[in-house]
Amino acid sequence: MKVLIVGSGGREHAIADAVNKSDKVSKIYCAPGNAGIGQIAECVNIGAMEYDKLVQFAKDNEIDLTVVGMDDPLVGGIVDHFEEAGLRVFGPRKNAAILEGSKAFSKDLMKKYNIPTAGYENFDSPEKAMEYLETSNYPIVLKADGLALGKGVLICETKEEAMAGVKELMLDKKFGSAGNTIVVEEFMTGREVSVLSFVDGDTIKIMTSAQDHKRAKDGDQGLNTGGMGTFSPSPFYTDDVDDFCQKYIYQATVDAMKAEGRPFKGIIFFGLMLTEDGPKVLEYNARFGDPEAQVVLPRMKNDIIDVFEACIDGTLDQIDLEFEDNAAVCVVLASDGYPVAYDKGFEIKGLENFDNKEGYYVFHAGTALKDGKIVTNGGRVLGVTAKGADLKEARANAYEATKLIDFDNKYMRSDIGKAIDEA
């Protein structure tokens, strides 16, 4: 079968790698892709938001399955376009992707269906938001309602910071229309855990757990990013936590979406906070996390095509998800200055060191092919993933592997997975 993957980051490279392992697949295309994806797929110069062109390409090339990796096209309704054209596509429709597309919607959904989450209020008026903040407890969290590249969350220690945050999101429009409405949320403390799941509208199957590192600098300092590294599984995601989430969060979310007339098919990413009062939902995403996919998918034993098709056909209850009894750690190699300003166009050296290196992966995010050489082309450049018998071994392997790659302006955090030592 022929498969089209929509997207251009490390997540899409991880998806392409998983798809490439399937005996059912004869050809992979990726739109628009990147230099790394181009080594296992044919990259097509069509943007992820160019729905009509993508539909036409899928028709012209007799694509059997399209997999949408990115949030923007999903929230924008790409799946609806493909389905209306009679094409098979993996991902939620627009009315279900709102689970990620609007934080106000998802918070209201959790409140309505008693799914554990932080206390909150939604505001579409900056004046009313500031009035509310006058008597709030601090620290407090401000979230842009819409998509903001994973960066539209502000943790405010003081009232002054919160007031400035409202101005930044709602008046200065730092994230454009995403800040037209904001969520003001109670600040929760505890361990963060990411749990990805496959959903077919009725049934949900949970993947192995992971933990992301959002901040740009060591010690969780600096600005929020799209993710500087991950590890899987999380030692903090215990059987007791899983039991609670299965009972009160996972199936409850799927059932709530169905009850709202928004049946969800695709990936639900649960961002969880393990608080003293039990697990609570921090956020939902409607697609694979990035870089979470770069540690979860390499550990999955199933043929991913079987799982994608089961989600589309409503037969996920017949699938037993299996993961290797090991661990994986991903360290993101970024351009120094990310997520603000950075130079690009530098040649990346050492990638050949990973040819046929079992248990090691280099997932390309911000790369391009220029004059026959692979060069940096973004803030997050590569995700270096390594497996190990346990998390400590995987972490040591991943950091050792980062030494094999070099480019000007190379930057990475040195403490990805350090929490493992505290488990």
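This is a predicted model: local features need pLDDT of at least 70, side-chain atom pairs count only at pLDDT 80 or more; totals for chains, interfaces and linings use all residues.

**A buried pair, and what surrounds it**

Lysine 143 is buried, and glutamate 185 is buried as well, where buried means under 20% relative accessible area, exposed means over 50%, and partly exposed covers what lies in between, with a 1.4 Å probe and protein chains only. Their side chains meet in a salt bridge, at 3.0 Å from N to O, a salt bridge being a side-chain nitrogen of Lys or Arg within 4 Å of a carboxyl oxygen of Asp or Glu. Because lysine 143 sits in strand β7 (residues 140-144) and glutamate 185 in strand β9 (residues 182-186), the pair ties together parts that are 42 residues apart in sequence. When I say helix or strand, I mean DSSP runs numbered from the N terminus, H or I of at least four residues for helices and E of at least two for strands.

Residues are numbered from 1 along each chain as its sequence is written, and side-chain values use heavy atoms, with hydrogens and water left out.

The whole structure holds 24 salt bridges, and another of them joins the side chains of lysine 24 and aspartate 306, again at 3.0 Å from N to O. That pair links distant parts of the chain, 282 residues apart, with lysine 24 in the loop between α1 (10-20) and β2 (27-32) and aspartate 306 in helix α11 (residues 304-313). Here lysine 24 is partly exposed, at 39% relative accessible area, and aspartate 306 is partly exposed too, at 30%. Salt bridges that share partners also bring Asp303 into one network with Lys24 and Asp306.

How much of α11 is buried? Of its 10 residues, 7 are buried, so the helix is largely enclosed by the rest of the structure. Among those buried residues are Ile304, Val307 and Phe308, and the buried set packs against several elements, including β1 (2-7), α1 and β15 (265-275).

Let me turn to the backbone. Most residues other than glycine have a negative phi, and most peptide bonds are trans. Against that background, a cis peptide bond joins alanine 31 and proline 32, with omega about -5°, and proline 32 is found in strand β2. A cis bond also joins tyrosine 138 and proline 139, with omega about 0°, and proline 139 lies in the loop between α7 (126-133) and β7. Asparagine 114, although not a glycine, has a positive phi of about 55°; it lies in the loop between α6 (103-112) and β6 (120-123) and counts as exposed at 64% relative accessibility. Asparagine 356 likewise has a positive phi of about 55°, and at 83% relative accessibility it counts as exposed.

Finally, the overall picture. The protein has 12 helices and 22 strands. Its radius of gyration is 21 Å, close to the 22 Å that the globule rule gives for 423 residues, so the protein is as compact as a globular protein of that length; the radius is taken over C-alpha atoms, and the rule is 2.2 Å times the number of residues to the power 0.38. Buried residues make up 57% of the 423 residues.

Note on methods
Contact means heavy atoms within 4.5 Å.
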